[in-house]
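Subject: Structure handover

Hello,

Here is the structure I promised you. Please open it first, then read my notes below.

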Amino acid sequence: MKKALVMAMTMMLAASLVACGSSSSSTDATSQAITRSEDAEEEESETEEESMAEEESTAEEGVFSFEADGVTLTPGEAFDASALPDADDVYTVPSCAVEGSDNVYNYTTFEVTAYDAGDGEVTYSIYLIDPNITTPEGLALGDGVDTVTELYGDNYEEDGTAMIYTRGETKLSIILQNDVVVSIEYLLIL
């Protein structure tokens with residue numbers, strides 16, 4: 001949009017200079033206007049690239065989140081079961097996060113474990129069950145170790161057969177068997 005506006009203004013300037021008479025100074029003015037227009041386009045392109053790089057950097061430094069049915073689920077953030085379709089099953093288990101119990105919501109393709117924080121539930125973990133769903137970055141159960149490092153890089157901790165990536169107060173635990181992803185779980189770091 002800005003490029004079109006700059007180009008239109010440049011064309012109008014050139015047309016007005018030609019209509020007022022054609023002299024070498026009007027030709028110079030037109031050339032200068034076109035050069036300024038090209039410089040503005042280059043600056044705009046550089047600004048867009050910098051903005052995209054900042055967004056990517058923020059995602060890497062932020063937290064791990066999973067998206068399901070248009071809802072973003074992030075360990076450590078509020079969990080609203082009503083924002084998702086009805087769970088296939090809900091059961092209570094002793095809590096790994098706090099004293100008391102956790103509720104586990106099974107949605108066939110993934111599971112959410114949430115604990116009661118007093119003023120509502122908080123997501124503790126998201127566990128992927130179905131190989132037909134992927135992480136936002138594109139990882140699925142059944143993918144190879146090369147896909148993991150291609151999507152998430154080499155900055156991970158090993159814990160047995162698990163590759164554990166950390167962002168903020170969250171971690172992504174990817175368990176491998178024979179270099180194949182057999183488990184993907186998002187967890188809150190306590």
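Start at one pairing: Glu157 has Ile164 in β8 as its bridge partner. β7 and strand β8 (residues 162-167) pair in the antiparallel sense over 3 bridges. Two strands pair if DSSP finds at least two bridges between them. Strands are DSSP runs (E, at least two residues), helices are runs of H or I with at least four, and both are numbered from the N terminus.

A word on the source: this is a predicted model, where local features need pLDDT of at least 70 and side-chain atom pairs count only at pLDDT 80 or more, while totals for chains, interfaces and linings use all residues. Residues are numbered from 1 along each chain as its sequence is written, and side-chain values use heavy atoms, leaving out hydrogens and water.

Now the sheet. It is open, has 8 strands and pairs antiparallel, in the order β3-β4-β5-β6-β10-β9-β8-β7. β3 (89-94) and β7 (157-159) stand at the edges with a single partner strand each, so one side of each lacks a neighbour in the sheet.

Next, Asn106. This residue is found in strand β4 (residues 101-106). Is Asn106 buried or exposed? Asn106 counts as buried because its relative accessibility is 18%. Buried means under 20% relative accessible area, exposed over 50%, and partly exposed in between (1.4 Å probe, protein chains only). Asn106 touches Ala87, Asp88, Asp89, Glu111 and Ile129, not counting residues up to four places away in sequence. Contact here means heavy atoms within 4.5 Å.

Best wishes
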